[in-house]
Amino acid sequence: MRALVVDDDGTVAGAGSAPLTSTRSFSHHEQDPEQWWTAVADATRTAMSGVRAGSVAALAVAATSGTILLVDRAGRPCTAALMYDDARAVEQARIVDDVGAPVWWALGYTHMQPTWALPKLLWLLQTNPALADRAPRLCHQADLITARFVGHPVPTDAGNALKSGYHVGEDRWPHEVFTRLGIPPSLLPPVVRPGTVLGRVSVEAAAATGVGAGTPVVAGMTDGCAAQLGAGCLETGSWNSVLGTTLVLKGVSDDLITDPAGALYSHRGPDGTWLPGGASNCGAGAIPVWFGGADLGELTGRAADVPIGPLAYPLLARGERFPFRAAAAETFVLGTPADDAGMFAALLLGVACLERLCYDRIHLLGAPSIENLTFTGGATRNEYWTQLRADLLGRHIQIPEQSEPALGMAILAATSGGRCAKDVAAAMVRTRTVVAPNSTRGSVLRERYADFLQALTTRGWLDSATADHARARL
């Protein structure tokens with residue numbers, strides 16, 4: 001749990017954090033939802049320690065997308081929380097896909113994964129039939145926290161509701177789908193747009209958190225969308241690459257972008273825009289697996305001296321979900337690295353190639369051309385890797401000074417007085433540095449990217465239309 005107190009000019013006036021613990025077993029991943037509020041209170045008190053309580057204009061909460069539980073009518077938890085990556089609802093996902101196919105296709109994501117909220121909701125109902133007597137209600141992670149701030153149950157936001165089956169295009173729960181699934185309307189919370197005022201901080205919450213009683217609490221967003229706001233990615237044609245454990249892309253479009261493969265899907269933005277995005281199963285998470293215990297600074301320095309050559313496609317597990325869908329996809333290496341530095345360089349290059357393919361794919365789908373591109377995530381600390389990615393994309397890259405999802409929520413909270421999110425972000429998001437592409441090695445990088453495309457198509461994972469489009473853009 002992380003909390004930030006941010007001024008209108010982007011100055012961080014206070015920060016705090018508190019740990020959370022989980023229980024994992026195979027495909028199961030749970031948390032005790034009661035610890036969320038304890039962590040929120042601890043982190044927020046620390047963030048507010050040097051700030052006058054009454055000076056806070058508003059607050060918003062971001063939380064992990066797809067994390068849900070059931071609560072009673074008073075908002076008390078009835079179940080453990082099934083976390084964002086809990087994948088137990090495999091059979092329920094098949095049922096949801098069959099029943100709701102027309103809606104999922106209309107919204108552009110074509111199907112729901114077992115980790116999404118609606119399959120997990122169906123699992124909770126099927127495995128806890130006795131809860132029917134308590135009139136349970138669906139609750140997303142952010143909903144529980146905002147309810148504790150204001151002292152009563154609150155509507156959910158459209159972003160968190162998306163993975164629960166909410167029709168973001170028509171702003172409604174598709175009851176024709178939920179009726180066939182046996183999910184009663186009374187179980188579904190009302191839904192509002194992000195930035196809507198939900199209530200005000202109660203006296204009890206003020207005592208627990210240090211935030212002044214009466215402070216407006218506005219509906220937040222998922223953590224991915226919040227990070228996008230925190231990166232200042234709000235103008236049409238702006239894109240944000242988040243490279244952490246996995247690679248996530250988020251952009252801004254005036255129109256809904258649909259993907260026949262279901263690899264890309266869209267949230268609604270705070271200014272009425274669409275926020276298309278996708279998440280790969282490839283990313284920096286492979287580094288501790290492949291190079292656990294290594295001095296990454298020393299390894300990077302040696303990798304920088306290795307000529308561009310071999311590349312590795314480092315999946316964290318079998319299967320890929322973006323920029324293409326391939327259940328059989330698995331890690332491979334092209335070429336033969338000479339040593340550990342060569343293998344490290346190959347891994348960095350492989351992720352950079354996948355990132356370029358992501359942007360080629362979204363271009364094929366009709367997304368707006370890239371006007372502004374930002375990099376965020378832990379990988380930006382590796383300057384060599386950041387430069388490599390910029391060189392392969394051939395783009396100037398902005399690196400924000402601060403990119404916490406909590407900053408995105410400060411931006412959203414600041415819109416509660418009627419200000420436009422783009423204007424708020426322009427004032428609050430600061431650029432740390434701009435990375436210019438080095439054209440001298442562009443040619444060899446493009447050759448390796450072409451080899452990467454060929455390897456994917458030869459294995460049958462990448463469709464020919466996407467591969468041909470990517471080659472044409474070279």
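**Salt bridges and a helix crossing**

Analyst: The count comes to 26 salt bridges, a salt bridge being a side-chain nitrogen of Lys or Arg within 4 Å of a carboxyl oxygen of Asp or Glu. This is a predicted model, in which local features need pLDDT of at least 70 and side-chain atom pairs count only at pLDDT 80 or more, while totals for chains, interfaces and linings use all residues. Residues are numbered from 1 along each chain as its sequence is written, and side-chain values use heavy atoms, with hydrogens and water left out.

User: Why is Asp360 called buried?

Analyst: Buried means under 20% relative accessible area, exposed over 50%, and partly exposed in between (1.4 Å probe, protein chains only); Asp360 has 2% and is therefore buried, and Arg356, at 11%, counts as buried as well.

User: Why are H1 and H4 called oblique?

Analyst: Their axes cross at roughly 60°, and angles under 35 degrees count as roughly parallel, over 145 as roughly antiparallel, 65 to 115 as roughly perpendicular and the rest as oblique, so H1 and H4 are oblique to each other.

Methods:
Axes fitted to C-alpha atoms, helices over the stretch in contact; angles between N-to-C directions. Helix = DSSP H or I, 4+ residues; strand = E, 2+ residues; numbered from the N terminus.
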